[in-house]
Amino acid sequence: FFFASSFSMRHLRPIWSVVRSPVAARRAPTNFQQRTYTVEAPTIAAKAPMKVAVEAGKPYFWCTCGKSTKQPWCDGSHKGTSFKPMKFTPEQSKEAFLCQCKYSSKKPFCDGSHKQLDQ
């Protein structure tokens with residue numbers, strides 16, 4: 001019993017000193033509900049995917065904001081927003097259907113989410 005009590009007191013002392021420290025007592029608790037966050041929604045460029053030919057190994061920058069005039073590619077129209085283009089590099093050359101509604105769960109590829117936007 002002597003060993004257990006001396007062991008626990010020796011290792012708990014640093015924990016209790018932090019809890020009782022005057023610095024910890026002065027620190028104001030943060031309230032998550034008082035913070036306001038704004039979440040920008042992307043602009044829907046079109047409610048249908050765009051069929052494009054992509055080359056294997058070539059990097060592409062897909063527009064995530066929906067404001068680009070060169071859809072589905074980024075042209076820098078996202079400046080001043082929280083959006084950034086999504087870089088992707090196809091593994092094989094193929095025809096791909098790229099999302100233009102910006103709500104796909106398989107970005108940058110279309111998953112049919114645009115069909116749910118009308119409802």
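**View 1. Serine 113 and its polar partner, aspartate 111.** The side chains of serine 113 and aspartate 111 make a polar contact at 2.5 Å (a pair of N or O atoms within 3.5 Å; within protein, one must be able to donate a hydrogen and the other to accept it, and residues adjacent in sequence count only if both atoms are side-chain atoms). This is a predicted model, where local features need pLDDT of at least 70 and side-chain atom pairs count only at pLDDT 80 or more, while totals for chains, interfaces and linings use all residues. Residues are numbered from 1 along each chain as its sequence is written, and side-chain values use heavy atoms, with hydrogens and water left out.

**View 2. The surroundings of serine 113.** Look for serine 113 in the segment after strand S4 (94–98); strands are DSSP E runs of at least two residues, numbered from the N terminus. Serine 113 counts as buried because its relative accessibility is 16% (buried means under 20% relative accessible area, 1.4 Å probe, protein chains only). Leaving out residues up to four places away in sequence, serine 113 touches Cys101, Tyr103, Ser104 and Ser105 (contact means heavy atoms within 4.5 Å).

**View 3. The largest nonpolar core.** Here sit 9 residues: Val52, Val54, Tyr60, Trp62, Phe88, Ala96, Leu98, Cys99 and Cys101. Such a core is a set of buried Ala, Val, Leu, Ile, Met, Phe, Trp, Tyr and Cys residues joined through side-chain atoms within 4.5 Å.

**View 4. Tryptophan 62 and what it touches.** Not counting residues up to four places away in sequence, tryptophan 62 touches, among others, Pro72, Trp73, Met86, Lys102 and Pro108.

Methods:
Helices (H or I, at least four residues) and strands (E, at least two) are DSSP runs, numbered from the N terminus. Buried means under 20% relative accessible area, exposed over 50%, partly exposed in between (1.4 Å probe, protein chains only).
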